[in-house]
Amino acid sequence: MNEFTLQTPTQEAGLATAMEVVYQWNYDAEVEELRNLYVKAAEAQWIGGRDIEWERPIDLLKFSTTPLGAGIPMEKTSYWRSLPQDTVVELTRRTAAFRLSQFLHGEQGALMVAAQLVNAVPHTDAKFYAATQTMDEARHVEVFARYIEKLDEIRPIAPSLKGILDQTLETGDWMKKLVGMQIVVEGLALYAFREMRNLTAEPLLKDILTYVARDESRHHAYGVQYIERCVPCLGERERAELEDFALECARSLIDRNAQGFFTTLLGIWQEVGVDPVAMFNSLHNERDEITRDLPRGRRLGPVQGFVIPTLRRCGLLSERVAAHFHEFLRDNFGSRVAGDNVQEFLQYLPELPADTAKWVLGELQ
Ligand SMILES: [Fe+2]
Ligand SMILES: [Fe+2]
């Protein structure tokens, strides 16, 4: 154990934030669904060190079934299939460690935003709920860090993720914090956890993601239930500002040109002896064949498949912002995914699942 010091070598310089703290003198339940969610969260608490069997070794061959989260399943390309098994195992281990590290750092951001919400939201039920979420996020940080250290090593945060966490922490507007964290960041995370949990054959990771995803589905529900009550109280300008904030958050998180993500992944490929040019050529030449079996020729990613439907449900998808979303998704993923025009884009947006917790655990399509 290192000696205890006030300044630690791994901490960052402090980030100044604009948050105001709000007292509330009415302690009665006011927003019943938030009070219920708070009770549900209290009942569902678990303990990372006790409820998960950490002694199980990670079988790397099983682990290599873990999806890598690229827009297109790279593992279906002929180049990937021609790689020696050792390379595939190593590539999956390191790429997944990078991806899980982003989850981990995102969880730290969520921990701090949830704690801010306790202070900043004006309704007692919303403060209570944010308190349970703060506890959940501490546990998520704990279990992801422990798992990554068992698997490989913790990799640094990608600049695009750091930027969005900073913005969400810095803003003085608690509704922006809710939209940035509960709707965009946690919406994307929920989608990714679901995919990873349902496809990986590695039992320890599956267990961790099951526990975490259950908590996350409540966090998302908190955002939806609270924000959909708030939006009708807003003026036109305030609502447009919230919509723009959501758009910016989503854009910086998934933009293909976002700095950091891609270069890091290429670096990892090279570390294990994968030739990026050969991989891309294979992807390029076989793209149509690989995506042909996907439903309606479309593979809706997390933004189109989950975050935007959430915004629509909350009353934060005006025609104006829908056009911006369509444009940026079409630029990134092409019109086969995003649709040729806004009408088509809106037409293909799915409804939110009736029960997010069941959906995330693969019990609902
Ligand atoms: Fe979390
Ligand atoms: Fe969360």
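Residues count from 1 along each chain as its sequence is written, while chains are lettered from A and ligands numbered from 1 in the order written. As the model is predicted, local features need pLDDT of at least 70 and side-chain atom pairs count only at pLDDT 80 or more, though totals for chains, interfaces and linings use all residues.

**View 1. The overall fold has 17 helices and zero strands.** Both are DSSP runs numbered from the N terminus: helices are H or I with at least four residues, strands E with at least two. The radius of gyration is 21 Å, close to the 21 Å from the globule rule for 365 residues, so the chain is as compact as a globular protein of that length. That radius is taken over C-alpha atoms, and the rule is 2.2 Å times the number of residues to the power 0.38. The C-alpha trace spans about 65 × 60 × 40 Å along its principal axes.

**View 2. Helix H8 meets helix H9.** The axes of H8 (residues 174-199) and H9 (residues 203-230) come within 8 Å, crossing at roughly 150 degrees. Those axes are lines fitted to C-alpha atoms over the stretch in contact, with angles from 0 to 180 degrees between N-to-C directions. What sits in the contact of H8 with H9, by class? There are 15 nonpolar, seven polar and five charged residues. Nonpolar covers Ala, Val, Leu, Ile, Met, Phe, Trp, Tyr, Cys and Pro; charged covers Asp, Glu, Lys and Arg; the others, Gly among them, are polar.

View 3. pLDDT, the predictor's confidence in each residue from 0 to 100, averages 91 over the protein chain, and 94% of the residues score at least 70.
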